[in-house]
Each structure stands twice: as C-alpha cells, then as structure tokens.
Amino acid sequence: MVLVKVEEEKMHVSGGRKACVLFISRFLLFFSLQTFEKLLIANRGEIACRVIKTCKKMGIKTVAIHSDVDANAVHVKMADEAVCVGPAPTGKSYLNMDAIMEVIKKTRAQAVHPGYGFLSENKEFARRLASEGVTFIGPDTHAIQAMGDKIESKLLAKNAKVNTIPGFDGVFELLSNCSPLLGYPVMIKASAGGGGKGMRIAWDDEETREGFRFSSQEAASSFGDDRLLIEKFIDNPRHIEIQVLADKHGNALWLNERECSIQRRNQKVVEEAPSTFLDPETRRAMGEQAVALAKAVKYSSAGTVEFLVDSSKNFYFLEMNTRLQVEHPVTECITGLDLVQEMIRVAKGYPLRHKQADIPINGWAVECRVYAEDPYKSFGLPSIGKLSQYQEPLHVPSVRVDSGIQQGSDISIYYDPMISKLITYGSNRAEALKRMEEALDNYVIRGVAHNISLLREVIVHPRFVQGDISTKFLPEVYPDGFKGHKLTDLERRELLATAASLYVAEQLRSQRFLGTPRIPIAKSKRSSWELSVRLGDGNYPIAVSKDGSSFSVEVDGMKLNVTSEWNLASPLLSVTVDGTQRTIQRLSRNASGDTRIQFLGTVYKLQILTKVAAELSKYMPEKAAEDTSSILRSPMPGAVVAVSVKPGDTVSEGQEICVIEAMKMQNSMIAAKTGKVKAVHCKAGDTVGEGDLLVELE
Amino acid sequence: MFLALTLLLPIPVSNRKKNKRILSEKSYGKLTARERILLLLDPDSFDEYDMFVEHRCSDFGMDSNKNKYPGDSVVTGRGRINGRLAYVFSQRNVLCSGVVPQISLIMGPCAGGAVYSPALTDFTFMVKDTSYLFITGPDVVKSVTNEDVTQEQLGGAKTHTAVSGVAHRAFENDIDALLNLREFFNYLPLSNRDPAPVCECHDPSDRLVPELDTVVPVESTKAYDMLDIIHSIADEREFFEIMPSYARNIVVGFARMNGRTVGIVGNQPKVASGCLDINSSVKGARFVRFCDAFNIPLITFVDVPGFLPGTAQEYGGIIRHGAKLLFAFAEATVPKITIITRKAYGGAYDVMSSKHLRGDANYAWPTAEVAVMGAKGAVQIIFRGKEANAEAEYVDKFANPFPAAMRGFVDDIIQPSTTRMRICHDLDVLASKTQSSPWKKHANIPL
C-alpha cells in the first residue's frame with residue numbers, strides 16, 4: 001500500500017499520457033503486493049527482525065510476541081504491535097501455543113511467520129492455525145509431518161529417487177546386533193531432531209550405548225519424542241544444502257546451494273554460497289533431486305534439502321528443513337531474491353514469479369554466525385551477560401548484519417546465544433572473504449565472550465581459502481582445541497609496537513591539562529621511553545621514540561614506524577605499522593599496565609611497564625594460584641541435570657561427576673584427577689553460572 | 001598535595017644489593033623507599049629534604065655506628081606526577097586537612113599512635129599481604145584480651161577495606177599501588193584554591209548511551225548494577241572507585257565528564273537493594289565532603305528504597321549517621337547534579353542530593369518513582385489490607401516521576417540515553433557556580 005502511494009506522487013507531475021501508465025501500474029502493484037493486512041511473527045531475535053523488515057517493505061502490519069524478559073527486545077520495538085506471551089522459559093512463552101493463538105485472535109493477525117526453531121516445524125501449530133483460518137507462512141501440515149520425521153522422510157526420499165544413506169529406516173530401540181550390520185562408525189539421531197540436537201557418533205559398542213542414553217534424553221527434553229534412528233556415518237563429508245522454493249500450483253525451483261561444512265558439534269558456524277566444490281553438473285543433479293523431493297511431498301514455501309557430499313562428489317539426502325534456514329541470507333545475496341517475501345507471496349497463493357533459468361549465481365556470499373560463546377572451550381561454550389558495548393561493522397562495504405540485539409541487550413541462558421549473522425558479499429570469493437576479515441575486525445562486542453577469533457581464523461586458514469573443507473574441519477585443523485591466532489614473528493612485533501605506542505600515547509595525554517593552573521605544570525621534554533612488555537611467556541624490551549605524530553618503535557632489534565590518530569576513546573583504532581594498516585581494539589587497560597588488545601581477531605593480554613618498574617617487579621611476591629585440578633567449576637551457564645557423586649565418594653580421573661545442560665545440549669563434567677569428593681555444591685535442577693563451583697575433591 | 005608514602009620504614013640509602021636489611025625487605029616483597037619514589041614520581045623530578053637526618057636513639061646500643069645510617073627513617077621531599085606538584089612526606093597534621101588533598105599509602109606494618117597519621121589523611125590505600133594497620137598488635141591483644149588473631153586478620157588490607165572501612169582501597173603489590181596512585185593523582189586538584197584538573201578528552205560529550213534506555217529492569221523488585229550506568233556515562237568508561245569492598249550498597253568514586261573530574265555517588269541496587277544504612281551513610285558523607293572541599297562537582301544516581309529499618313540500625317544511631325550524609329550534601333556548594341533512576345523513597349530520597357538540599361539540576365528517568373514509600377508498603381499501612389484496588393491506584397498515582405515533576409522536585413524527566421549529554425552540558429554551565437555560606441568557624445556536622 002505504501003509503495004502504491006509513492007508511485008502515485010512520483011507520477012503525478014508527469015500528467016497527460018502518464019495517467020494511463022499510472023492506472024496500469026497501480027493496478028499491477030495492487031495485485032502483485034496484495035497479501036496480508038497484518039502478520040504475526042511467532043519468534044524472537046534476529047529472525048523476527050528479519051521478517052519484520054520484509055513486512056515493512058511490503059506494507060504489512062506486524063505483531064511481535066515476546067516473553068517478559070524480552071519486553072525491551074529489538075523485535076518488540078520494531079513491530080507495530082507487541083504482546084507478552086509468558087515468562088522467560090521458551091516452553092512457557094515462545095512455545096506456548098495457547099497464548100500465541102490467543103494473541104492471534106486478539107490482534108486479528110491474518111498470517112503467522114514462524115521463523116526458524118520454536119514452532120516453525122510443529123505440525124500441531126500449523127494445524128491449529130489452519131483450523132482458525134489463519135495462514136501459516138510455510139508448507140502445509142502434511143509436508144511438515146513427512147519431513148519432520150527422519151525415518152519417514154528418508155523413505156519418501158527413496159521413493160522420489162533421491163540418493164539416501166544406508167541405514168536402518170525403522171525406529172531404533174535396541175542396540176543388539178544392528179550396528180555390526182552397518183559397520184562402525186554409526187550416527188545416532190533423534191527421529192524428531194534437528195539443529196544437531198540429539199545427534200551423536202559412535203565408534204564402538206560402548207559409545208553406542210552412551211550415545212543412545214544421551215541422545216534419547218536430549219531428544220526427550222528438546223522434542224518430547226525419544227525415538228532414535230541409526231545409519232552409517234559418512235566419514236569426513238561436506239554438508240551442502242539446496243534451497244528450494246515451491247508454490248501451491250505445483251511449481252518448484254532450486255535456488256542453488258549453500259556450503260555449510262564448517263561446524264562444531266553439528267552446528268553450523270560459517271556458511272557460503274555457492275560452494276567451491278560443486279561443478280555445474282553436480283549442482284544441477286542435486287537441485288533436480290531436491291525439487292523432485294519437494295514435488296513428491298507437494299511442498300510449498302521455502303525449504304532446504306540437506307545433503308552430505310563425500311570426496312568423490314557422491315551426495316546423500318540427509319534431511320529436509322521445512323522452514324526458513326538461519327543461513328538463508330547467502331542465497332539471497334547471490335540470487336537477489338527476498339526469501340521471506342517469496343514465502344509470504346506463496347502463502348497467499350500466488351504462483352512463483354521466476355523460472356529456473358532466471359535463477360542466477362551472482363558473485364559470492366559468506367556468512368559467519370557470531371555467537372556469545374567462548375571458542376577456547378570445545379570450539380564454543382555459551383557465555384551470558386550484557387552487551388556493554390556493541391557496534392556492527394556496517395561502515396564496511398557490502399556487509400549485511402542480521403541481528404536482533406543492540407547495545408545494552410542481555411544474552412540470557414534462556415535462548416540461543418547467537419549475537420548476529422554477519423554476511424559479506426563480493427564479486428568473487430576472495431573479495432567476499434577479504435571483506436569478512438575487515439568486518440570481523442571492525443565488529444565491536446563487549447560484555448560477553450564471542451567467537452570472532454575463531455571465525456577470523458577459519459576464514460583466513462589456507463585450507464578454507466582453498467575450499468578444502470569438511471564437517472570435520474575444526475577438529476582436524478585444531479586437534480588440541482582452538483587456541484586463538486598464532487602470531488608470526490612479524491605479527492608479534494607489530495602487536496608489541498602497537499601496544500607500546502598506545503601506552504606512550506596514553507602517558508603523553510595524561511600530562512596534557514586544559515586551562516592554566518595556579519602552580520605551573522612542568523612540561524615534559526621527554527621524547528623516548530624504555531618499556532618492557534610481557535606477552536604470553538615472553539618479556540620484550542621495547543624502545544619508543546616520538547617522531548612527530550608517529551612513533552618509532554624498536555622491538556627485537558628491528559625498527560617499526562607506528563602511526564595512528566590515537567583517539568583513545570574510540571572502540572576501534574586504525575593503526576598503521578610500517579605501511580600495514582589494521583583495525584585493532586583495545587578492550588581494557590589499567591594503571592598497572594595490564595592491557596587487552598584484539599589483534600587479528602584474537603584477544604591478547606599484555607602487561608606494559610616502564611623498564612624500571614619491570615625490573616623491580618621481580619621482587620614482588622608471587623601470589624599463589626588456585627589449584628584447579630581438585631575443583632570443578634561450571635565452564636558455562638546452564639542447568640544441572642544430574643549429579644553422579646556425593647561427598648565421600650572416590651572418583652577416578654575422567655569419571656563423570658555431573659551433567660550440565662546449556663542451550664539444550666548436555667555436557668558431561670569429568671574429574672580432572674583421582675580422589676575423594678570433599679564437597680558437592682550443586683544438585684540436579686540448580687541453575688549455575690559460568691565459573692560457579694560445582695564439586696571439590698580432596 | 002601531600003602523599004604519605006611510607007610510615008616508619010627505615011631504609012638505608014646505600015647500594016641495595018650489598019645491604020642485608022634491604023634483602024630482608026625484599027623477601028617480604030617490598031620495595032625500598034627510594035625505589036618507590038622512582039616509580040611514583042616523574043623521572044628526575046624528586047627534590048629530597050632532610051637527607052642527612054639520623055636517629056637520636058641512644059638506648060640498647062642504638063647509638064653505635066653500625067646502627068646509624070644517613071637518611072634513616074623516612075624519605076621526604078617534593079616531586080612531580082605527570083608534571084603536577086606533589087609533596088612526599090611521612091607524617092603531617094590536621095591543619096592541612098581540607099587545604100591540600102592528602103593520600104596515605106600503607107606499604108608495611110603501621111601500629112600504635114602512628115596509625116592516626118593515615119587516619120587523618122583524605123585517602124588511605126594499602127598493599128595486600130604486606131601492610132597492616134592496628135592500634136595494638138596481635139601480641140598485645142593476646143595478653144590483654146586473650147584473643148588469638150593474626151596480623152592479617154587484625155589489620156590487613158582485607159580487614160580495613162571490607163570490614164572496618166579504615167582503608168579506601170587495596171592493591172596487589174607495591175608497584176601496582178604506586179602506578180595506581182599516579183593515576184589517581186590526576187583526578188585531584190592540588191589544593192582547595194585550585195579547580196579540579198581538566199584532562200584532554202577524546203570521548204564525545206554528546207555521546208548517546210542507548211543501553212541506558214533498557215538498563216532498569218521492568219520488574220521494580222529486580223536488581224541491576226549501578227556500576228553499569230556509571231561506566232557507560234563516564235569518559236572512556238573509567239571510574240576510580242573508592243571503598244569498593246565496604247558498604248557496597250553505596251558506590252562512590254571519581255570519573256571524568258568531558259575531561260573534568262567529577263565525584264559520583266550512587267545507590268547500588270545489587271547490594272541490600274541499595275538501601276542506606278549506617279556504614280553507607282558514613283562512606284557517602286565522607287566522600288561528598290572531600291569533593292566539596294576540593295571543588296569537585298557531584299553527580300548522584302538515586303535508586304534508594306529507604307533507610308534500612310530495625311533495632312540494629314536504630315541502636316547503632318542511624319539517625320545520627322544518616323544525618324551526616326544529609327549534612328554533607330546540604331552544605332556542599334560545588335555543582336550538584338542528581339539523576340533518579342528508579343526508587344526515591346521517603347527520607348532517603350531527601351538525603352540523596354535532592355532538590356531540597358540545593359541540587360542544581362535534578363533529573364528523573366521515566367522509570368523513577370518519587371514517593372514516601374513503595375506501593376505495597378504504603379497500601380498496607382494506609383488501608384490495613386482492607387482496600388483491594390488501592391495498590392494499583394497508588395502505583396498509578398505515585399510510581400512515576402510526574403508527581404515530583406509537577407511540584408518542581410525534579411527539573412526534567414529525561415530519556416536515559418541522553419544522560420551523559422545532559423550532565424556534560426550542565427557541568428559546562430555550572431563551571432562558574434559560586435555559592436557561599438554564612439561565616440562560621442566551622443560547621444558542626446553530627447559526628
């Protein structure tokens with residue numbers, strides 16, 4: 001409706017013959033845009049914001065739902081109306097169908113976009129909407145049901161002549177004798193599962209038993225359905241998925257692939273489109289099978305067919321996601337389509353506007369999922385807190401950031417710890433990756449741990465740059481866990497020179513006072529400084545001399561020239577060391593010389609002291625550090641599911657002590673040494689924060 | 001400005017490598033007095049006084065030559081910190097109080113009457129694990145009261161920063177303490193006749209702080225961290241907190257706004273709901289008086305549910321101690337800016353730099369509730385539980401900033417994100433504020 005108005009104003013001046021054009025254009029616009037008056041978004045965070053953006057573009061009024069803790073969330077502010085549907089736990093708010101149906105009635109929303117997760121693949125929800133005459137923006141109940149069940153979907157795929165993985169298609173209940181038939185390794189999956197939850201790999205009988213226990217518990221708590229299936233595990237595959245778009249008139253398109261192989265614990269971290277691995281023939285074969293499957297289930301709306309692709313480009317159907325995917329923006333970037341808009345059109349009953357031949361691959365798009373998590377703990381354990389400072393790198397060209405948070409937002413234990421999706425686009429892959437590097441360096445996130453360091457390392461890793469990736473990329477490249485960027489000698493010198501220059505700039509500023517004091521201030525004529533910087537285990541003597549507005553810094557016998565505007569309040573600092581420009585972030589400093597600098601994505605801790613102070617500091621007493629082997633602290637915020645020990649028990653090294661559930665994943669906490677349990681500080685059902693003491697050993 | 005650096009710490013001048021007494025100091029993780037001066041003052045700026053003084057003790061063989069050292073006992077003199085003048089001394093007297101800021105740094109044991117020297121200065125800082133302050137040491141305590149107590153328990157840094165409130169902050173070691181002292185020095189004026197220093201500032205004074213719009217939780221019973229607010233409005237998020245471990249229900253400390261030093265006082269909803277009690281009133285009052293004595297503007301963040309009730313507080317004299325904070329704010333003539341973030345109830349509202357105490361600019365956030373007490377408590381007292389809808393009516397009438405704004409008790413209701421901008425603008429305007437009180441020898445604060 002808004003668009004029609006604008007058109008009218010533009011055309012008005014032209015008069016005469018244009019009046020006819022005006023009439024026709026209004027007529028066309030009316031019919032091409034007429035969809036819904038009001039749409040409810042049954043989701044939160046970035047995806048709710050994403051849907052609202054398209055609704056605004058289409059002139060559709062929006063209704064947001066939120067839990068009580070989300071009352072000030074961005075999606076609530078963006079929507080035309082917002083209604084609280086319950087307290088923080090998702091089961092009582094975003095999954096609370098009764099409350100949501102009530103809101104739909106009250107606000108008279110004509111359609112519901114479910115986003116991803118929550119109720120997006122819930123057939124009961126789709127059914128209830130249908131019975132109320134409300135349009136569900138997504139496929140119909142039949143397709144959701146068929147594809148939501150891993151066992152049923154595999155059978156359907158087989159019938160549609162889609163390549164499938166060998167395995168047991170029936171419900172897997174007893175372990176006896178089924179794994180040997182397939183040979184190890186095997187994959188245990190929750191039949192109702194998705195998003196890596198309830199999924200485990202087993203390499204022998206014992207792991208199968210353990211995996212079965214965990215998966216069924218997770219499946220029960222996440223999906224309320226503990227049925228499992230088992231199939232042969234394709235070792236070292238790529239995860240490539242095809243975006244499909246289908247209408248209610250039997251038309252279906254494939255919108256090319258997304259490469260999603262970079263994963264941790266079966267959850268995607270970096271995605272791109274297109275894939276470096278597919279040739280046009282394989283792409284077409286995969287696309288055609290995906291479309292065949294969509295047609296077989298009379299699919300309408302946007303959906304994704306996931307495939308595992310082995311090194312010989314054999315591909316196997318994994319599952320079909322009957323919703324908008326998290327990583328849909330990369331497809332939008334290379335095809336120019338707005339998938340949410342297409343979904344809304346299809347839901348209203350319009351036929352597709354495009355033919356398969358119209359679907360291009362323009363350039364290259366990369367998406368990094370920026371999470372509030374600590375990448376140094378098994379590639380990412382959730383972190384919670386308040387975003388004390390937050391600034392998206394939107395000043396970098398060709399960057400799209402899909403986020404649902406802002407400075408001051410809380411990342412809570414109740415919801416997914418994703419901060420945003422950072423997408424960069426380029427005419428080719430190299431350009432898109434270069435922009436991603438810049439975007440990651442210019443992204444300011446303070447107050448919670450984040451995975452920028454890991455993302456930046458992945459996108460510059462030679463194997464990733466060459467496209468040599470698989471779903472095992474992270475464990476293969478970092479077999480001992482991710483440890484941050486490893487500085488080369490040159491980079492180390494650059495970092496030291498930058499840190500030393502920052503220190504001197506700060507010292508110089510602290511001697512500059514405005515106004516004229518009664519007792520004159522002694523002006524320092526000092527132009528050179530002798531410093532000692534500690535970085536990791538090394539102590540580096542550094543000489544800094546002021547040279548106009550830049551500094552000449554001597555590190556390891558090499559002279560470097562450091563220039564910057566030295567704006568010490570800005571969260572981003574552009575520093576040029578010997579001609580190389582970099583954006584760094586100084587996260588903190590204190591009077592004792594402790595400084596944290598984010599350099600090449602990784603945060604380095606340095607201590608900068610004058611040479612005199614550094615020499616004297618060796619006389620300072622060493623403070624005894626806490627013995628961490630005899631205490632077990634929670635590595636992340638979450639809920640205690642089970643405690644397996646009690647005071648007085650003897651535990652052996654590696655034995656499970658308790659299980660913590662965070663973000664619906666169960667994590668087993670193990671003893672770091674053999675000993676007697678001295679005290680247990682948690683019990684099942686407790687909510688624990690990061691660093692909370694769980695169990696003490698003697 | 002006077003800095004009491006070392007107290008009764010005899011350190012010889014001669015080469016430290018050869019000297020046994022220095023080695024024994026080192027084994028305790030301490031620096032010598034001269035090394036301390038080297039770290040504290042700008043290079044080559046120290047002019048020493050009384051270098052040739054020796055002790056005059058003749059008992060117990062102390063007059064023998066091997067027990068005599070030139071420059072014994074204490075090191076005193078004058079130097080510069082970031083170009084500004086500072087005097088380093090060991091003991092000074094009361095007359096300087098309120099004339100020049102005085103800071104004590106306790107870097108070793110300090111006992112008996114000597115403890116009154118730091119006690120009389122404006123700020124006392126300690127070094128963890130190596131410094132002690134007590135009137136009588138553990139041995140005397142044992143012989144008189146038969147109480148077993150260690151030096152650390154009796155008068156260590158932890159005791160004095162968290163329990164007694166004698167010390168204002170503790171640092172990890174000598175170096176850490178001296179470097180922090182240099183930084184702290186930059187906040188303070190040289191004397192009561194000098195304005196607080198204005199530093200070069202890179203942080204825009206009109207910076208909006210969007211997170212403040214959501215910092216106060218929707219439920220009025222839920223806590224939040226007042227330090228989040230203070231950090232977000234201060235220049236470069238820097239805040240030098242005074243007494244961070246003592247009476248944590250009130251936060252006091254120094255920050256800069258557009259380069260200008262300010263003293264910040266805030267109730268801390270995270271601790272004991274931010275109520276005022278004896279300890280927090282005394283902590284706040286002393287800080288306010290320091291700022292007023294040395295021309296440092298005061299910024300007060302109010303979220304106070306009231307004075308803590310109960311016999312412990314009343315018997316302890318909360319009336320007398322609470323009056324100190326009231327007195328301190330009322331007598332202060334420096335610029336006073338107050339922001340009510342949420343609760344401002346009853347007498348505690350009045351005490352917290354309200355308009356009634358000559359506040360220059362008093363603002364309320366939209367979440368402010370200026371009332372005699374909370375809705376629940378008020379309804380219980382007024383209606384004795386007989387009126388069902390009274391609570392909602394009370395909330396409607398009083399749990400918002402409008403009644404106070406209509407009476408002129410707050411000057412404006414402001415968008416929280418504009419708080420930094422408003423404060424910086426007001427400080428510019430108030431920089432030339434002069435206010436005088438009637439002549440008196442000195443006021444009689446209810447000590």
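**Close-ups of a predicted model**

**View 1. Ile384(A) and its contacts.** Leaving out neighbours up to four places away in sequence, Ile384(A) is in contact (heavy atoms within 4.5 Å) with Ile411(A), Ser412(A), Ile413(A), Val448(A) and Pro637(A). This is a predicted model, where local features need pLDDT of at least 70 and side-chain atom pairs pLDDT 80 or more, while totals for chains, interfaces and linings use all residues. Residues are numbered from 1 along each chain as its sequence is written, chains are lettered from A and ligands numbered from 1 in the order written, and side-chain values use heavy atoms, leaving out hydrogens and water. Ile384(A) sits in the loop between strand E16 (381-382) and strand E17 (385-386) of chain A; helices (H or I, at least four residues) and strands (E, at least two) are DSSP runs, numbered from the N terminus. With 36% relative accessibility, Ile384(A) counts as partly exposed (buried is under 20% relative accessible area, exposed over 50%, partly exposed in between, with a 1.4 Å probe and protein chains only).

**View 2. Gln389(A), with a contact in chain B.** Gln389(A) belongs to strand E18 (residues 389-391) of chain A. It counts as buried because its relative accessibility is 19%. Among the residues it touches, not counting those up to four places away in sequence, are Gln407(A), Pro571(A) and Arg237(B).

**View 3. Helix H15 of chain A.** Here's a mostly covered helix: eight of the nine residues of H15 (452-460) are buried.

**View 4. Arg182(B) with Asp42(B).** These two side chains meet in a salt bridge of 2.9 Å, N to O (a side-chain nitrogen of Lys or Arg within 4 Å of a carboxyl oxygen of Asp or Glu). Arg182(B) lies in helix H7 (residues 174-185) and Asp42(B) in the loop between helix H2 (33-40) and strand E2 (47-49) of chain B, so the pair ties together parts 140 residues apart in sequence. Both Arg182(B) and Asp42(B) are buried.

**View 5. Asp225(B) with Lys270(B).** Another salt bridge joins this pair, with the closest N and O atoms 3.4 Å apart. It links distant parts of the chain, 45 residues apart: Asp225(B) is in the loop between strand E10 (198-199) and helix H8 (226-233), and Lys270(B) in the loop between strand E13 (260-267) and helix H9 (278-293) of chain B. Asp225(B) is buried, at 16% relative accessible area, whereas Lys270(B) is exposed, at 52%.
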